[in-house]
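This report walks through selected parts of one protein model. Keep the sequence and the structure open as you read.

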Amino acid sequence: MIRGRGIRWVVIAFALCLMLAACTNGNGNGSTASGGKETGETGETGEKAGNSGTEAGSNLTEPGQYPIVNKKEDLSLYITKSAVAFVTDMDKNASTDWIEKKTNIDLTFEIGPEGADEAQQKINLMLASGSKLPDVFLKTNLTNDQLTTYGSQGTFLALNDYIEKYGVNIKKLTEKYPNLLKNMTAPDGNIYALPSVIECQHCMYAQRFWLNQKWLDAVGMKLPETPDELYDVLKAFKGKDLNGNGKQDEIPLIQITDAWFGDLTGYLMNPFTPSNGKAYDWNYMDGDQIKASYMQDGWRDGLKYLKKLYDEGLLDKEAFLLKANQAFVLAGGPDGNRVGAFSAGALSSAMDIGSPGARDEFIALPPLKNAEGKRITPYMEPVGSPAYVITKYADNPVTAFRLGEAMLTDYAADLEWRNFFYGPEGVTWEKAKEGDIGLNGKPALWRWLYIFGQPTDQSWGTLNILYASVDDKGTLATASEGFDQERILFDSSVNDYQPNRVSMVPPPLYFKTDEAMAIAEPKTQILRFVEESIFKFVTGAKNLDSDWDAYLKELDKLGAKGYMNTLQTVYDRQYKS
């Protein structure tokens with residue numbers, strides 16, 4: 001690895017043999033109960049000499065104090081391009097400069113591919129090759145299976161003792177979320193990553209649906225409350241020149257396949273059967289039981305509803321192909337907005353919100369009522385997703401841990417740290433003015449100067465945010481007039497979605513190696529079959545009456561029952577024991 005400042009861009013080399021080697025890489029357990037390094041070339045176990053806290057000869061300051069080290073040290077971070085998609089430079093970057101001065105640590109970045117599949121392939125190759133790795137993997141979507149496998153081999157360090165001895169911010173979070181460490185603990189009892197815990201108000205209710213209020217007013221209809229009423233509204237949208245461009249080119253409903261919670265099998269399925277959507281593999285909690293939405297009778301009813309919309313031209317014919325960049329064109333082309341409704345966690349997932357136009361036409365629609373008159377929306381409780389992983393190649397693992405700890409700082413309570421997480425005061429944000437009111441209706445503490453998503457070298461985007469308090473957005477000054485997406489998202493989550501919340505999202509699960517290997521192929525085949533079946537049932541390639549039993553039999557043949565039983569076994573072991 002190249003040391004010093006600078007970014008090393010990564011080129012993927014296709015090496016299938018190395019990927020297959022992942023299953024056999026390593027020569028034994030290699031992990032230690034203390035959470036330190038395996039005994040290796042240095043002849044040491046645990047922290048390296050000269051970096052063991054505040055003992056004599058240590059370069060470290062007291063936990064929670066800054067700088068982290070007295071004498072400058074180097075640390076390398078591996079990230080993916082998608083995690084910093086709109087960051088133009090990680091080296092010459094205001095947040096990088098700030099944290100390096102604050103901690104006395106020089107950072108080097110290695111940036112992997114942007115696409116999710118390519119990024120995962122690159123990481124697989126890196127882990128399987130046995131070559132030297134960066135000191136830290138930061139928000140690279142390492143799976144629990146990878147953490148368990150490579151943690152047990154000693155490639156990733158167990159952090160249990162680091163948390164106990166050097167943890168400050170992580171301990172505050174465990175007091176707030178008693179199950180947090182349980183969420184992060186592998187079957188061998190070790191914790192191989194610091195978590196990301198995001199309390200973002202609108203993120204906890206991200207299964208959101210947007211309806212064109214301008215068009216609704218034009219056809220003289222009220223907000224729909226049931227699937228049938230939504231059908232009537234979409235039918236009224238069709239065949240009318242509601243955008244005033246002289247054409248009948250309106251598309252009542254689109255599906256954005258790569259948008260944040262853009263699949264319609266979440267929001268529009270919930271009136272028929274509980275569904276967290278594709279983001280959660282269509283699994284949901286029914287009490288202490290994990291169930292699959294796609295195996296329920298209501299799933300067929302929901303598909304029949306989607307097919308009705310598709311058959312009558314209310315659902316876009318490109319619904320299973322449409323990407324976000326194409327949706328932007330539909331909503332913001334020269335002929336005006338052509339879209340009547342869509343599902344997404346935010347308006348910005350489907351359109352340019354930087355200019356007046358389509359952004360001003362839509363409102364968030366509350367959850368639709370089911371046959372019993374009940375509305376439900378998934379409550380996505382903040383849980384610890386693996387975010388910061390330290391490898392055995394870190395020269396000073398305590399220094400690496402302390403930097404991760406810094407990224408768990410509650411910057412809503414300490415505005416100085418906002419300079420790291422959001423960029424420089426006066427450039428990307430500023431303190432609120434007297435009389436400014438926050439999104440939570442209380443006196444505001446800060447306001448944005450930056451439009452999120454625009455190219456920048458002033459911050460890391462959200463890469464460095466491992467903890468976001470709900471108070472952060474709550475204390476954000478809202479615009480007194482004009483468009484304000486933060487206000488729209490905050491208000492809709494509080495007023496429309498939170499009152500109908502249901503705790504139905506499965507928590508993180510850690511599989512033993514044999515369990516992970518046993519379900520890997522069935523899971524892939526099952527989810528591929530489910531997605532293909534959604535397409536075929538909705539478009540009419542399969543019949544929801546005559547082909548339904550064959551669909552259930554194929555799921556059984558693919559091992560769906562065994563797969564769900566394994567999920568339940570792991571859940572019971574992790575959360576009920």
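## A hairpin

β7 and β8 form a hairpin with two residues between them. In the turn, G287 has a positive phi of about 70 degrees. Strand β7 covers residues 283–286 and strand β8 covers residues 289–292. The two pair in the antiparallel sense over four bridges. Y284 stands opposite K291 in β8. Two strands count as paired if DSSP finds at least two bridges between them. Helices (H or I, at least four residues) and strands (E, at least two) are DSSP runs, numbered from the N terminus.

## Basis of the values

The model is predicted: local features need pLDDT of at least 70, side-chain atom pairs count only at pLDDT 80 or more, and totals for chains, interfaces and linings use all residues. Residues are numbered from 1 along each chain as its sequence is written, and side-chain values use heavy atoms, with hydrogens and water left out.

Strand β2 (residues 73–80) has seven of its eight residues buried, so the rest of the structure largely encloses it. Buried means under 20% relative accessible area, exposed means over 50%, and partly exposed lies in between (1.4 Å probe, protein chains only). β2 runs parallel to strand β3 (residues 105–112), and eight bridges join them. E73 has I105 as its bridge partner in β3.

T399 sits in helix α13 (residues 397–406). T399 is buried, with a relative accessible area of 1%. α13 is mostly covered, with ten of its ten residues buried.

N124 lies in helix α3 (residues 116–129). Its side chain joins that of Q146 through a polar contact of 2.9 Å.

Q146 is one of the buried residues of helix α4 (residues 144–152). Others include L147, T148 and Y150. The buried residues of α4 pack against α3, β12 (385–390) and α17, where contact means heavy atoms within 4.5 Å. After α4 comes G154, with a positive phi near 90 degrees.

## Pocket and cavities

Rolling a probe the size of a water molecule over the atoms shows where empty space is left. On a 1 Å grid over the protein atoms alone, a cavity is a set of points where a 1.4 Å probe fits but cannot get out; a pocket is an open set with protein on both sides within 12 Å along at least five of seven lines; lining residues have an atom within 4 Å of a point. The second largest pocket is lined by 19 residues. Q255, T257, D263, K278 and E531 lie nearest its centre. Helix α17 (residues 513–539) gives the most to this lining, with three residues.

The largest cavity is lined by Q255, L264, T265, L306, L315, F320, I534 and V538. α10 (264–267) and α17 each supply at least two residues of that lining.

Definitions and conventions:
Polar contact = N/O pair within 3.5 Å; in protein donor to acceptor, adjacent residues only side chain to side chain.
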